[in-house]
Amino acid sequence: MKTIQYNQKSIPVLDECDVLVVGGGTSGMVVALSALEENKSVIILEKGILLGGTSTRGLVHPFMRTHVGTGKLTKKLNEEYLKYSPYCRYNGGPYALSFNCDDWADFYEEKIKAAGGKVYYDATFLDVIMENNTIKYAIAYIRNEFYAIKAKTYVDTSAEAVVCRVANVPIDFNGENGMHQSCSLRFEMANVNASRLCDFLRSINYGGFGIPEDPNRIEFVRDNSLIPYFEKAINDKVIVPADVKYIQGFSSPGKPNVMGFNCPELPNIKDINSPEGFSYYVSEGRQMVRRFSRFLINYIPGFENAYVGKIADMLGIRESVRIVGDYIISEEDYKNRATFEDGIAKADWYVDVHKDAENTEEELQKYTIGEYYEVPYRSLISKHCNNLIVGGRHLSCSFRVEASVRIQATLRDIAEVIGKACAYSIDKNVDLNKIDGKIFKCK
Ligand SMILES: Cc1cc2nc3c(=O)[nH]c(=O)nc-3n(C[C@H](O)[C@H](O)[C@H](O)COP(=O)(O)OP(=O)(O)OC[C@H]3O[C@@H](n4cnc5c(N)ncnc54)[C@H](O)[C@@H]3O)c2cc1C
């Protein structure tokens, strides 16, 4: 195997490809399939042992709905997935799904392998070797060894801008006034008696999202009717108020008697980007899951025989860093429903900031059906690195716009264009950051 010098060591060049996708998560999987459709060779580096990132390792489902989806591939993948996993369903239109976090990863791995793509697991991207603002090699730590991988184009779909950080792309680490959006550690309760839970909720005049006919489609949220139960458990020292400040649980498609919880939401007191802050949130999140699950089991009928079936192996990070790219999508753009000559995808989710603060004007100003703003190609690239593009929640936008653009359906539409842009860059011999994004204008 060819070797190169890295940090005074000789390390093997493990592989070469057209498109190196760093992070096999929500966006990375779609980038890979899109580039494979364009007949490009693709390698994914994934530090976990499962594709899907936040949507699988983080147990984050369903897709929030969009009324303005644009991708052809993303729509086709959704249709195919519903055949693969028949218990799953659309969540309001062909671009949003209520899916099963377990077989979602398998579906994608099968698709990527069938299309000739390659995935390295336990493969943590670390660094790049650059020449004249162009990445020559990516350096990764795979199965306890350093390797180099050579690609024509590099895609940072890590959600944490791991490639951008070392490729001279400026990064905004600061959130808003030093505060980031709240993290959650998602988990699943198994062996829930959903019919009994529905009967109980009816008996207390629960006013949450309504009680469905089909108990396997339940959504259980914080509601005033539950407050006496919280208060009793707080008095009994089973939970603390923060454990029940935000509650959202719903049935998991294809997993009878399992409910996934989009909580606990962690009190926002540390910097998620610091080693100490991250570890604090993981550890505190697990404690909150323990307390909240004990509350459910002991205080809420329907959960008496339930147990914690799974805790996400990835902290649910809504926002941590964003690149400062060639264009930063601003709150004004959100308010003005901005369109761009190089608008490559449409977004319509509201500014869903999870943060201990008052709602702002943008948060309250939700779009009506059919309204949208566009995501310009320039928000994915930087003049500082020629053959690099960003897909995922760390694209170049303001703190508040991130809280809108980060929903899975929108990121997937963006990812589809990124696969095509990589192919275009290679075929036309034009750097990713010199492409005129008009070519990919969304319709
Ligand atoms: C708690 C929570 C609830 C949410 N709820 C919803 C919801 O209900 N509906 C919705 O549509 N959206 C929701 N979102 C938003 C949405 O899920 C995320 O914004 C989106 O999934 C992020 O996708 P991504 O592609 O940016 O990153 P990810 O899906 O997180 O993928 C990043 C991947 O990169 C990998 N990686 C990272 N670093 C490295 C490295 N150094 N080397 C190799 N691999 C690496 C990771 O392991 C991961 O697989 C929620 C988010 C959170 C956190």
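Trainee: Which residues line the largest cavity?
Mentor: A cavity is, on a 1 Å grid over the protein atoms alone, a set of points where a 1.4 Å probe fits but cannot get out, and lining residues have an atom within 4 Å of a point. The model is a predicted one, in which local features need pLDDT of at least 70 and side-chain atom pairs count only at pLDDT 80 or more, whereas totals for chains, interfaces and linings use all residues. Residues are numbered from 1 along each chain as its sequence is written, and side-chain values use heavy atoms, with hydrogens and water left out. The lining of the largest cavity consists of Cys164, Val169, Ile323, Leu380, Ile381, Ser382, Cys385, Leu388, Ile389 and Val390.

Trainee: Which strand gives the most to the lining of the largest cavity?
Mentor: By class, with Ala, Val, Leu, Ile, Met, Phe, Trp, Tyr, Cys and Pro as nonpolar, Asp, Glu, Lys and Arg as charged and the others, Gly among them, as polar, this lining holds nine nonpolar residues, one polar and no charged. Strands (E, at least two residues) and helices (H or I, at least four) are DSSP runs numbered from the N terminus. The strand that gives the most, with three residues at 388-390, is E19.

Trainee: How much space lies in the second largest pocket?
Mentor: A pocket is an open set of grid points with protein on both sides within 12 Å along at least five of seven lines. Points are joined across faces, edges and corners, and a volume is the space filled by probe spheres set on them. For the second largest pocket that space is about 320 Å³.

Trainee: Which helix supplies the largest share of the lining of the second largest pocket?
Mentor: Among the 15 lining residues, Thr70, Lys72, Glu416, Val417 and Lys420 are the closest to the centre of this pocket, and the lining divides into six nonpolar, two polar and seven charged residues. The largest share, four residues, comes from H11.

Trainee: Which residue has a side-chain N or O atom 2.5 Å from an oxygen atom of the ligand?
Mentor: A residue is near a molecule if one of its heavy atoms lies within 4 Å of it, and of the 36 residues around the ligand, Thr26, Ser27, Glu46, Thr54 and Arg57 come nearest. A polar contact is a pair of N or O atoms within 3.5 Å, and backbone N or O atoms are involved at Phe125, 2.9 Å from a ligand nitrogen, and at Arg406, 2.8 Å from a ligand oxygen. The side chain at 2.5 Å is that of Thr54.

Trainee: Which element gives the most to the shell around the ligand?
Mentor: The shell comprises 13 nonpolar, 16 polar and seven charged residues. With three residues, the element that gives the most is E7.

Trainee: Is Ala161 buried or exposed?
Mentor: Ala161 is found in the loop between strand E9 (145-156) and helix H4 (162-166), and its phi is near 55°, a positive value in a residue other than glycine. Buried means under 20% relative accessible area, exposed over 50% and partly exposed in between, with a 1.4 Å probe and protein chains only. Because its relative accessibility is 0%, Ala161 counts as buried.

Definitions and conventions. Polar contact = N/O pair within 3.5 Å; in protein donor to acceptor, adjacent residues only side chain to side chain.
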